[in-house]
Amino acid sequence: MNLFASKDDVIRWLGELLKEHVVIAPVRVQEQTTFQPISQVEDVVFDFNNTALSPKGWFLPPTETLFSVQRDDGKVELVPTKVERDAVIFGLHPCDARGIALMDSPFLQEPSDALYRERRSRTALIGLACRQAQPECFCTSMGSAPDDPSNVDILLTEGEDGYIVQAVTEKGKALLPKGLAEYKGKVPAPPKLEAVPTKEVVSAMRELFNDPYWEQVADRCLHCNICAYVCPTCYCFDMRDYADKGKVERVRSWESCQSPGFSLTAGGYDPRTTKGERLRQRFCHKLLYFPEQFQDVACVGCGRCVRDCPVNIDIREVISNLKQVTEAKSGS
Amino acid sequence: MGPESPFTPYLATLKTATQLTPDIKLLSVELEDPDIKAGFDYKPGQFALLSAFGEGEAPFGIVSLPLQKDGLEFAVRRIGTVTRALQELEPGDTLGVRGPFGNYFPLEDYVGKNMIVIGGGIGMAPLRPVINSILEQRDDYKELLIINGARTPQDLVFQPEFPTWMEAPGTKLELTVDRGDEEWKGRVALVPDVVKELAPSPGNAIAIVCGPPIMIRFTLARLRDLGYKDNQIVTTLEAKMKCGLGKCARCNIGEKYVCQDGPVFNLEQISQFLEQP
């Protein structure tokens, strides 16, 4: 059953949620819209296209302390970071929700990542269906859709004079505000997107592993890593110790397989020394290794890497080229 | 929070640190919690992540045997900040241990075979528990040939154990160095050339090889020249292993995560990887 909430209802509801939860919502920061914990509901942006960063950082923060090292009279104690509060992510688009669902595979696989698991189980996702698509959007080719409710607890769809509210999970139902009227009208149709030919992409990746294509695409790569940081499914990380004024912490932070030295060992061995090998690693992880390990392609079609790459390396183009190169190879 | 995070190391105490070569120390480490110590079961070839708190964490092969109940041993070569900090620890100091991780040498599959163990430099570290396991169950295996190379005589890692290895029945220890010194009366030759010279027969044999990439590459070629099949040659791969849990996505070679699927592979398995190490 769909319910209806006016924008004022939603604002009041967020205010209520804010009393008991950390609320992470799209806000304007300088010229960008991005997800951040809010302190007041007035800061929430309702009308936005894809945010600068996906909300993955709530579950896998760009930098976080895993534990701190406390020394008392020579005795060492490790104090792990705790997740203190329940949270709500408000306004994430279906592609970003799918990104979180995909990150669950590596992080919840046993032995699960304790911080990720705790945050995930204590966070509700209130999605916002997309009424407009951006030129770089291709979620419908990647297993999702602008109105896909499957990875959120509640889905809101903007209608005339307010929002159509669909509680998807029991967790979502428990969060709904009281007193919303039933909505019997039509749900507006989602925008149509151009299709990217993803059929057989996994086998094409395997077939083209040693093709010179990767070095050609990588020629222009600046290894700036922006593709990894804006990606809702990139999850490579680094762990280092941070010591300052007697305070010692083990810190985890985002990393990218595009960085030179990402796979360099202390002994000087590095399986991926060229840009082409590193770029191939990025696409292989998304389109070959991840699906072989966890079934799904690790791309949600949000288009952020397409939007932000300074040298226009376009994953849609790569996927289309794979098809062309395999067809040319097989002579069809 | 629920169960312990898999990123929180067990606390351990450094019992002894023995200088093995100018840049390698043998650290003997005891886990503090008696239950964790009792439950810490591992096999030759597996590794652990050691923490020097304040500097970081790095992977090391466990070079002791599980039946040595007195502690875990690691051969740590000083090569960066974490290894320097580990080497600077004094007996009684606290360090962190996570593990054991990865697969191991399937020694039970090698029962009844001639064993050729070939190691260069710090590459002898993961081979030491292999050798000592074979010596523990000496009757289970046929001939044992150990070829151990290093840059100089001083760099031969497990010298205190050489007499035991040499005196064990059916066991030969062949030492070689790249550059000798005034006292060195042994071989001065590269490991692949020693393999060629000694020409151990591939019949009913398994060769386990570990060392620097260049030594491995030429040693494998010599073994193939001698008629060894890829499933008779076993090695342990080096990779950037940060988390040990297949999550940080840094140690993969092609579709294989070295920390989980490896580090031990035979050449037949490696030849099927998409990406070649």
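In what order do the six strands of the open sheet of chain B stand? I began with this point and read the order as 4-3-6-1-2-5, with antiparallel pairing.

**Basis of the entries.** I worked from a predicted model, in which local features need pLDDT of at least 70 and side-chain atom pairs count only at pLDDT 80 or more, while totals for chains, interfaces and linings use all residues. Residues are numbered from 1 along each chain as its sequence is written, and chains are lettered from A and ligands numbered from 1 in the order in which they are written.

**Entry 1: the sheet of chain B.** I took helices (H or I, at least four residues) and strands (E, at least two) as DSSP runs, numbered from the N terminus. I counted two strands as paired if DSSP finds at least two bridges between them. Strand 4 (56–61) and strand 5 (72–77) of chain B are at the edges; each has a single partner strand, so one side of each has no neighbour in the sheet. On average, neighbouring strands of this sheet are turned by 40° against each other, direction ignored. For angles I used axes fitted as lines to C-alpha atoms, for helices over the stretch in contact, with values from 0 to 180 degrees between N-to-C directions.

I then followed one pair: strand 3 (residues 47–52) and strand 4 of chain B are joined antiparallel over six bridges. Within strand 4 of chain B, B:F60 is the bridge partner of B:A48.

**Entry 2: the helix across the strands.** I found helix 2 (residues 81–88) of chain B lying across strands 2 (24–31), 3, 4, 5 and 6 (94–101) of chain B. Helix 2 of chain B runs at about 80° to strand 4 of chain B. Contact here means that the C-beta atoms of two residues, placed from the backbone, lie within 7 Å.

**Entry 3: chain A against chain B.** I noted 37 residues from chain A and 34 residues from chain B in the contact. Which element of chain A gives the most to the side that touches chain B? Strand 11 of chain A does, with six residues. That side of chain A divides into 25 nonpolar, four polar and eight charged residues. Ala, Val, Leu, Ile, Met, Phe, Trp, Tyr, Cys and Pro count as nonpolar, Asp, Glu, Lys and Arg as charged, and the others, Gly among them, as polar.

**Entry 4: the domains of chain A.** I looked up domain 1 (2–182) and domain 2 (201–330) of chain A, with bounds from an automatic or database domain assignment. Their C-alpha centres lie 25 Å apart. Domain 1 of chain A brings 30 residues to the contact and domain 2 of chain A brings 24 residues.
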